[in-house]
Amino acid sequence: KSASELASRYILLGQHDAARQVLNKAIAKYDAKQIAKSGEKAKQVALADAYLQLSRASIGNRDEQVKFATLAYYLNPSVGFGKQIARIIAPEKFDRPDGRFDNNFREATLRRLRKERQAWLSE
């Protein structure tokens with residue numbers, strides 16, 4: 001958890017490389033799928049937060065942003081987390097001048113991610 005907090009501060013300071021270094025070291029010792037299957041909610045949430053921060057730190061690499069955001073959702077499949085993940089997957093649906101976001105897109109994204117998560121867990 002402290003690695004995610006430190007990385008978040010680095011991201012706020014625009015030091016994305018430092019954030020990625022901290023997070024890569026922190027997550028290296030964990031198997032995301034094993035944690036997701038474990039039922040240990042605290043570990044799932046902490047690792048999901050680390051992957052979400054890693055996604056935020058991967059500025060300029062869209063594939064990594066989506067991959068890490070998706071892993072974050074697989075670990076913590078909550079609606080609130082899903083909204084953050086959907087924003088990373090398609091920021092144009094959320095970052096509109098009027099401040100509104102496309103709720104239909106978010107719901108469709110959550111349905112898709114739930115299906116993909118089930119397939120990932122059963123592999």
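Predicted model: local features only at pLDDT ≥ 70, side-chain atom pairs only at ≥ 80, totals over all residues.

Me: Which residues have the most contacts inside the largest nonpolar core?

Reply: The general idea comes first. In soluble globular proteins, nonpolar side chains tend to be buried together. In this structure, the largest nonpolar core holds 34 residues, and those with the most contacts inside it are Ala-32, Leu-47, Tyr-51, Leu-75, Ile-85 and Trp-120. Two or more residues of this core come from each of α1 (2-12), α2 (16-27), α3 (32-38), α4 (41-57), α5 (62-75), α6 (79-89) and α7 (103-122).

Me: What does Leu-75 touch, leaving out residues up to four places away in sequence?

Reply: With those residues not counted, Leu-75 touches Ala-32, Ile-35, Ala-36, Gln-44, Leu-47, Ala-48 and Tyr-51.

Me: How should I read the packing of two helices? At what angle do α1 and α4 pack?

Reply: Two packed helices are described by the angle between their axes and the distance between the axes. For α1 and α4, the angle is about 20° and the axes are 9 Å apart. Angles under 35 degrees count as roughly parallel, and α1 and α4 are therefore roughly parallel to each other. The crossing in which α1 passes α4 is left-handed. On the α1 side, the contact is made by Ser-4, Ser-8 and Ile-11, and on the α4 side by Ala-46, Asp-49, Ala-50, Gln-53, Arg-56 and Ala-57. Sorted by class, this contact of α1 with α4 has four nonpolar, three polar and two charged residues.

Me: Are α5 and α7 roughly parallel or roughly perpendicular to each other?

Reply: The axes of α5 and α7 cross at roughly 75° and come within 10 Å. Angles of 65 to 115 degrees count as roughly perpendicular, and therefore α5 and α7 are roughly perpendicular to each other. Here Thr-70, Leu-71, Tyr-73 and Tyr-74 of α5 meet Leu-110, Leu-113, Arg-114, Glu-116, Arg-117 and Trp-120 of α7. By class, there are six nonpolar, one polar and three charged residues in the contact of α5 with α7.

Me: At what angle do α6 and α7 pack, and which residues make the contact?

Reply: The angle between α6 and α7 is about 105°, with their axes 9 Å apart. These helices are therefore roughly perpendicular to each other. From α6 the contact includes Val-79, Gly-82, Lys-83, Ile-85, Ala-86 and Ile-89, and from α7 Phe-105, Arg-106, Thr-109, Leu-110, Arg-112 and Leu-113. The classes in the contact of α6 with α7 are seven nonpolar, two polar and three charged residues.

Me: Let us turn to single residues. Is Ile-59 buried or exposed?

Reply: The relative accessible area is the value to consult. Over 50% counts as exposed; at 54%, Ile-59 is therefore exposed. Ile-59 is placed in the loop between α4 and α5. Leaving aside neighbours within four places in sequence, Ile-59 is in contact with His-16, Arg-20 and Gln-65.

Me: How does Arg-111 count by relative accessibility?

Reply: Arg-111, which lies in helix α7, counts as partly exposed at 47% relative accessibility.

Terms used
Residues numbered from 1 in each chain as written. Heavy atoms only, no water. Core = buried A, V, L, I, M, F, W, Y, C linked by side-chain atoms within 4.5 Å. Buried < 20%, exposed > 50% of the residue type's maximum accessible area, 1.4 Å probe, protein only. Helix = DSSP H or I, 4+ residues; strand = E, 2+ residues; numbered from the N terminus. Contact = heavy atoms within 4.5 Å. Axes fitted to C-alpha atoms, helices over the stretch in contact; angles between N-to-C directions. Parallel < 35°, antiparallel > 145°, perpendicular 65-115°, else oblique. Left-handed = near helix turned anticlockwise from the far one by under 90°. Nonpolar A, V, L, I, M, F, W, Y, C, P; charged D, E, K, R; others polar.
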